[in-house]
Structures are given as C-alpha cells and as structure tokens.
Amino acid sequence: MFKIGNVEIPNRVVLAPMAGISNVAFRKTVKEFGAGMVCAEMISDKALLLNSKRTLKMLEVDEAEHPISLQIFGGEKETLVEAAKYVDQHTNADIIDINMGCPVNKVIRCEAGARWLLDPNKIYEMVSAVVEAVEKPVTCKMRIGWDEDHIYAVENAKAAERAGASAIAMHGRTRVQMYEGKSNWKVIKKVKEAVSIPVIGNGDVTSPELAKKMLDETGVDAVMIGRAAQGNPWMIYRTVHYLKTGELLDEPDLKEKIDVLILHMDRLIDLKGEKTALMEMRKHASWYLRNVRGGGKIRQSLKEVSTREELVSMLQEFLKETSTREHKLNKEILV
C-alpha cells in the first residue's frame with residue numbers, strides 16, 4: 001500500500017490511461033482483477049468546457065472503480081484550471097491527473113501533452129495553478145523527455161513536485177520514440193531518487209517478473225501497466241499475486257478468456273450501445289484471442305461481426321472446435 005495525497009492505493013499495480021481504451025467498461029473489468037488504481041483515458045480541457053456530450057460521458061465513474069484517476073490535458077492555463085475545477089467539483093474521481101506525455105501531433109499542436117517536456121518552468125506554472133484551484137490530489141503523467149538530446153525527466157519531476165503534485169507517473173520513453181524502442185528504466189530510477197513524492201514507473205512491464213524487476217531496479221512505488229493489459233486483465237491479477245507471494249500463476253484457458261471477453265463486451269454495450277460497442281470490441285476481441293492456437297482465422301472474421309449475438313456465437317463455436325481438436329490430440333498422444 002502507498003498513498004497519493006490522502007488517497008490510499010492498496011497495492012503497487014496501476015492501470016495506465018490509454019486513449020480510446022480506458023473507458024469505464026475496460027477499467028471496471030481490470031479493477032475486478034485487482035488493480036490498485038485505474039486511470040481513465042485523457043480528456044480535453046476545452047472539450048469539457050464546451051460541455052461536449054461525449055466528453056462529459058467520459059467523466060462517469062462506477063463506484064466499483066475506486067481509487068480512480070481522471071486525466072485532463074490542455075495547453076492554456078486558464079482552460080486547464082477550469083477543467084480541473086470541473087473534475088474536482090462534479091465527479092467522484094479520487095485524483096486529477098495532468099497529461100504531459102501524449103506524443104501525438106494533434107495534442108502537441110495544442111501546446112499540450114509531451115510538448116511540456118521541453119519546459120520545466122511551464123510544468124511548474126501549469127501544475128501549481130491547478131493544485132491551487134482544486135481539493136483533490138493532483139498527479140502528472142510524463143515521459144522522460146522529448147528526444148535523446150532533450151531528456152529533462154529529473155528537472156520536470158522536480159518542477160511538478162515543487163508545484164504541489166502528489167505523485168508522478170514516468171514513462172521511460174521519449175516523445176520521439178512514441179511506443180517503439182526500449183523504455184529507459186535508468187532515467188526512471190534517477191527521477192525516483194530526485195523527488196520525495198511517489199513515482200510510478202511505466203514502460204516495458206509485460207510480465208509479473210518484469211514488474212518486480214522494475215520495482216527492484218528503480219525503487220519506484222508502483223508499476224503502471226498499459227498495453228500488456230489489453231485483452232489480458234489476468235496480467236494485472238497475476239502481477240499483484242506475484243508481487244505479494246512470489247508465485248507465478250498460470251495463464252487463463254480459452255474458456256476463461258471468452259467469458260471475460262463477453263463480460264467486457266456487455267459492459268461496453270451498456271455504455272455505448274450495441275453498434276458502437278461491437279465496432280470497438282473487434283480490437284479488444286483480437287487482443288483477448290492473441291496467442292491462442294488457431295486464433296488467427298477467427299481474428300480475421302471479427303471484421304465482419306456487427307451484433308452481440310454474432311460475436312457470442314462465433315466465440316462459442318471457436319471454443320467448441322478448439323476443445324474437440326485438443327481432445328483428439330490428447331487421445332492420439334495417449335494411444
């Protein structure tokens with residue numbers, strides 16, 4: 001357990017905020033697998049202040065999700081502060097997170113996201129303004145730097161701490177790297193050594209063993225898991241269990257994967273309606289069936305699915321075929 005401001009986080013495994021992924025249906029499913037904290041996908045300050053119906057919907061939090069962090073981004077102090085005040089006063093989130101790591105061009109062009117990585121003074125100015133305006137703890141998610149020649153991770157982390165941030169999540173890649181290459185844990189370690197607030201390490205945590213390795217090598221207070229949890233909430237459960245006991249649990253079988261896939265889909269349907277949910281579930285279903293023997297064919301067929309009934313029928317038939325094939329194989333081995 002560790003604390004972010006006055007919020008107790010029950011374990012050292014945190015779900016990352018992922019644009020287009022970390023909605024309430026995904027977060028609630030992952031939370032049930034034991035995540036110490038879940039983080040929502042980033043929300044534009046200006047879209048929020050324009051009362052965008054879609055954006056306001058993204059602020060909804062299920063009671064089962066706590067503790068949860070809602071993430072905002074923006075390039076102008078006035079609108080960022082107003083958005084933070086809205087989240088503070090009109091949502092039941094526990095923590096407000098400021099995004100200063102998103103590498104995509106449309107965010108950079110707004111002087112937001114990873115653009116801040118080049119200017120510790122702006123980080124101090126923006127974060128301090130938000131901290132002064134809200135009651136909830138404020139955290140920052142950032143990358144180690146813009147590129148290899150501009151890695152200001154320590155300076156940026158110190159600026160955030162001086163401004164009153166209650167914790168920092170540090171992604172070990174630069175903006176130029178996007179999501180490629182290797183995460184630099186050595187820089188994450190330097191950040192942890194430079195500040196006194198909690199630091200959450202992010203990047204290349206793709207197994208329970210690597211989660212422990214990051215904790216041991218960097219000294220961070222927690223690990224943040226993103227892409228490794230897509231279609232694989234068992235990654236969260238297995239990591240929490242491994243860190244607690246040293247025991248490495250088995251991967252789930254196909255029936256388990258399909259059962260949780262359908263649960264996730266039904267929650268997404270409740271959230272967005274069947275048509276939109278099924279469009280989004282194509283990618284999620286593909287992730288759930290990743291590395292499943294014989295899954296290549298069904299993953300291709302997902303492109304044609306448009307209703308819940310079709311997807312459930314396809315999955316049940318695949319499970320039946322797989323079970324029959326494995327039964328025959330086991331029988332042949334015994335003979």
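## The start and course of helix H11

In this predicted model, a side-chain oxygen of aspartate 253 reaches to within 3.3 Å of the backbone nitrogen of lysine 255, and this contact lies at the start of helix H11. The helix itself covers residues 254-272, and its 19 residues reach 26 Å from the first C-alpha to the last, which is close to the 27 Å expected at 1.5 Å a residue. After H11 comes glycine 273, whose phi is positive, near 90 degrees.

The buried residues of H11 include Leu254, Ile258, Leu261, Met265, Leu268 and Ile269, and the charged residues Lys257 and Arg267 also belong to the buried set. An α-helix has 3.6 residues a turn, so residues three or four places apart point the same way.

## Helix H10 and its surroundings

Helix H10, residues 234-245, has 12 residues and reaches 16 Å from its first C-alpha to its last, close to the 16 Å expected at 1.5 Å a residue. Its buried residues are Trp234, Met235, Ile236, Arg238, Thr239, His241 and Tyr242. These buried residues pack against several elements, among them strand E3 (13-15), helix H1 (24-31), helix H9 (208-218) and H11. H10 is followed by glycine 246, which has a positive phi near 80 degrees.

## Where H4 meets H6

How do the axes of helix H4 and helix H6 cross, and at roughly what angle? The axes of H4 (residues 77-90) and H6 (residues 120-133) come within 9 Å and cross at roughly 35 degrees, and the crossing is right-handed.

On the H4 side, the residues in contact are Lys77, Leu80, Val81, Ala84 and Lys85, and they meet Glu125, Met126, Ala129, Val130 and Ala133 in H6. The residues of this contact divide into 7 nonpolar, no polar and 3 charged.

## Backbone details in the loops

The peptide bond from histidine 66 to proline 67 is cis, with omega near -5 degrees, and proline 67 lies in the loop between helix H3 (53-57) and strand E6 (68-73).

Which backbone angle is positive in glutamate 111, although this residue is not a glycine? In glutamate 111 the angle is phi, at about 60 degrees, and the residue is found in the loop between helix H5 (105-108) and H6. Glutamate 111 is partly exposed, with a relative accessible area of 39%. Methionine 178, also a residue other than glycine, has a positive phi near 55 degrees; methionine 178 is placed in the loop between strand E9 (167-174) and helix H8 (185-194), and is partly exposed, with a relative accessible area of 30%.

Technical notes
Residues numbered from 1 in each chain as written. Predicted model: local features only at pLDDT ≥ 70, side-chain atom pairs only at ≥ 80, totals over all residues. Heavy atoms only, no water. Helix = DSSP H or I, 4+ residues; strand = E, 2+ residues; numbered from the N terminus. Expected span 1.5 Å × (residues − 1). Buried < 20%, exposed > 50% of the residue type's maximum accessible area, 1.4 Å probe, protein only. Polar contact = N/O pair within 3.5 Å; in protein donor to acceptor, adjacent residues only side chain to side chain. Contact = heavy atoms within 4.5 Å. Axes fitted to C-alpha atoms, helices over the stretch in contact; angles between N-to-C directions. Left-handed = near helix turned anticlockwise from the far one by under 90°.
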